[in-house]
Amino acid sequence: MIVHARLAAIKGIRPHEWAIRFVFGGTVCVAAGLISKRFGPEIGGLFLAFPAIFPAGASLVEAHERKHKARAALDGTMRGRTVAGVDAAGAAMGCIGLAGFAVVCWLCLPHLATIAVFLLATLVWFAAAILAWWMRKRRTFRTRRARRRTLHVFRAS
Amino acid sequence: MAELVLRFLIGGAVVSVFAVLAEIFTPKSFAGLFGAAPSIALATIGITIAHYGKAHAATEAHSMVCGAIGFFIYASAASWFLMRIKIPALAAALALLPVWFGVSAALLWLAERLP
């Protein structure tokens with residue numbers, strides 16, 4: 001499975017979609033700060049892992065897929081929800097990286113320079129997320145191959 | 001007040017950047033990785049360190065581990081509901097948010113009671 005970056009997709013993002021993400025992201029950051037101030041860093045810290053991008057992202061993925069199918073005069077509602085489900089499965093793999101980021105910050109912040117901790121934590125997030133995604137993909141492919149093999153055996157018999 | 005404005009602007013910008021990354025990559029399972037990017041943490045930990053010190057930020061990061069595990073359960077549940085039951089994406093994402101908070105808070109409660 002090859003990963004592609006489609007920069008043209010940026011042009012497809014409408015101004016109100018940019019605004020929703022900016023306002024939602026900013027609001028969650030402010031809320032995390034206020035909660036930390038009111039209830040202490042233990043409760044406030046939970047909101048550093050708040051699903052800020054995921055809800056808007058999943059609904060936009062669904063909407064884009066539905067529009068894409070509508071151009072071919074097809075109903076893409078079910079397809080859109082399936083693709084959003086695949087996106088959510090990817091987010092679950094990303095959470096493994098997110099936990100790695102948090103562990104590095106928790107253990108290293110009191111001992112290392114802030115910038116070094118940020119760089120190390122971001123590197124750990126990226127490496128762990130990609131490794132988890134790749135391992136899940138490999139397992140999926142193996143399962144599909146195994147299914148196909150079973151089907152061949154069934155047909156041959 | 002200035003701190004809150006700074007949080008809003010930096011948070012909005014960082015979340016927007018990761019949301020764009022989630023938009024441009026294919027396949028969608030790979031793009032989904034950016035849906036769980038440490039956007040809030042990257043935007044706010046620096047401000048927290050500047051105002052309250054490193055010990056405060058490290059305590060927040062400790063709780064963030066519980067939040068990340070809660071997010072994993074939340075995203076897995078959302079994926080299952082979307083792929084099997086095919087409910088609208090926004091409805092699934094919003095209806096399952098209490099799952100994220102419940103799991104995260106329960107884990108934090110357990111972590112605080114561990115020796």
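Helix axes are lines fitted to C-alpha atoms over the stretch in contact, and angles run from 0 to 180 degrees between N-to-C directions. Helices are DSSP runs (H or I, at least four residues), numbered from the N terminus.

This is a predicted model, where local features need pLDDT of at least 70, side-chain atom pairs count only at pLDDT 80 or more, and totals for chains, interfaces and linings use all residues. Residues are numbered from 1 along each chain as its sequence is written, and chains are lettered from A in the order in which they are written.

**Stop 1: chain B, two helices.** Select α1(B), residues 2-24, and α3(B), residues 39-52. Their axes come within 7 Å and cross at roughly 155°. The two helices are therefore roughly antiparallel (an angle over 145 degrees). Now colour the contact residues (C-beta atoms, placed from the backbone, within 7 Å). On α1(B) they include Leu6(B), Ile10(B) and Phe18(B). On α3(B), Ile40(B), Ala43(B) and His51(B) are among them. The contact divides into nine nonpolar, four polar and two charged residues. Here Ala, Val, Leu, Ile, Met, Phe, Trp, Tyr, Cys and Pro count as nonpolar, Asp, Glu, Lys and Arg as charged, and the others, Gly among them, as polar.

**Stop 2: chain B, domains.** Select 1-52 as domain 1 and 54-115 as domain 2; such bounds come from an automatic or database assignment. Their centres, over C-alpha atoms, are 17 Å apart. Six residues of domain 1 of chain B meet seven of domain 2 of chain B.

**Stop 3: chain A.** Select α3(A), residues 54-71, and α4(A), residues 77-108. They pack at about 145°, axes 8 Å apart. Contact residues include Phe54(A) of α3(A) and Val83(A) of α4(A).

Conventions:
Two residues are in contact if their C-beta atoms, placed from the backbone, lie within 7 Å. Angles under 35 degrees count as roughly parallel, over 145 as roughly antiparallel, 65 to 115 as roughly perpendicular and the rest as oblique.
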